[in-house]
Amino acid sequence: MELAYDYPLLSTFWTMLWFFLWIMWFVLLFRIIGDIFRDDDLSGWGKTGWMVFVLVLPFLGAFVYVIARGRSMGHREIAHARAQQAELDSYIRKTAGDGGPRTSTDELARLADLRAGGQITDEEFRRAKDLVLSETRTPVGAGASTASEPR
């Protein structure tokens with residue numbers, strides 16, 4: 001039975017070094033596999049060939065892949081990140097709308113569109129228009145709500 005004081009400090013250092021090198025190796029292997037599947041320039045047979053090479057001869061396959069396609073690997077990673085950011089930005093813009101505060105003119109235009117589309121009646125339009133116009137005439141400090149405040 002080995003106890004902690006039977007295992008020298010240098011052996012602990014080498015054990016930890018090898019452990020972290022193996023972790024780094026697996027991170028590199030997973031990045032290479034992800035890059036193989038992400039690359040749109042490779043055909044299905046090219047992806048299959050690289051996968052077989054990387055999985056059957058992992059050390060040689062990974063080193064050859066990094067040497068042959070390492071530079072473009074970073075470019076693909078950056079392009080993928082930019083595409084994801086652009087998709088996120090367009091989703092946020094679409095979801096949030098224009099993001100600016102609505103003015104009474106915007107509200108009246110929206111009401112006119114609703115009336116023209118038949119979604120509200122003339123009476124509903126008149127009441128909503130009066131409400132919008134009365135909110136713009138009322139001073140902000142007078143206790144009445146404004147168009148930009150939630151109800």
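Mentor: Happy to! A search of the whole structure finds 7 salt bridges, a salt bridge being a side-chain nitrogen of Lys or Arg within 4 Å of a carboxyl oxygen of Asp or Glu. Before we zoom in, please keep in mind that this is a predicted model, where local features need pLDDT of at least 70 and side-chain atom pairs count only at pLDDT 80 or more, while totals for chains, interfaces and linings use all residues. Residues are numbered from 1 along each chain as its sequence is written, and side-chain values use heavy atoms, with hydrogens and water left out.

Let's begin with aspartate 39. One of its partners is arginine 69, and the closest N and O atoms of this salt bridge are 2.0 Å apart. The two residues come from distant parts of the chain, 30 residues apart: arginine 69 belongs to helix H3 (residues 58–96), whereas aspartate 39 is in the loop between helix H1 (9–38) and helix H2 (44–56). Helices here are DSSP runs (H or I, at least four residues), numbered from the N terminus, and strands (E) would need at least two. Arginine 69 and aspartate 39 are both buried; that word means under 20% relative accessible area, with exposed being over 50% and partly exposed in between (1.4 Å probe, protein chains only). Aspartate 39 counts as buried because its relative accessible area is 2%.

Aspartate 39 also forms a salt bridge with arginine 76, and here the closest N and O atoms are 3.8 Å apart. This pair, too, links distant parts of the chain, with arginine 76 in helix H3 and aspartate 39 in the loop between H1 and H2, 37 residues apart. Arginine 76 has 14% relative accessibility, so it counts as buried. Leaving aside neighbours within four places in sequence, arginine 76 is in contact (heavy atoms within 4.5 Å) with Asp35, Arg38, Asp39, Tyr65 and Arg69.

Now have a look at helix H5 (residues 122–137), which holds both arginine 126 and glutamate 123, 3 residues apart, or about one turn of the helix. Their side chains meet in a salt bridge at 3.3 Å, N to O. Arginine 126 counts as partly exposed because its relative accessibility is 45%, and glutamate 123 is partly exposed as well because its value is 40%.
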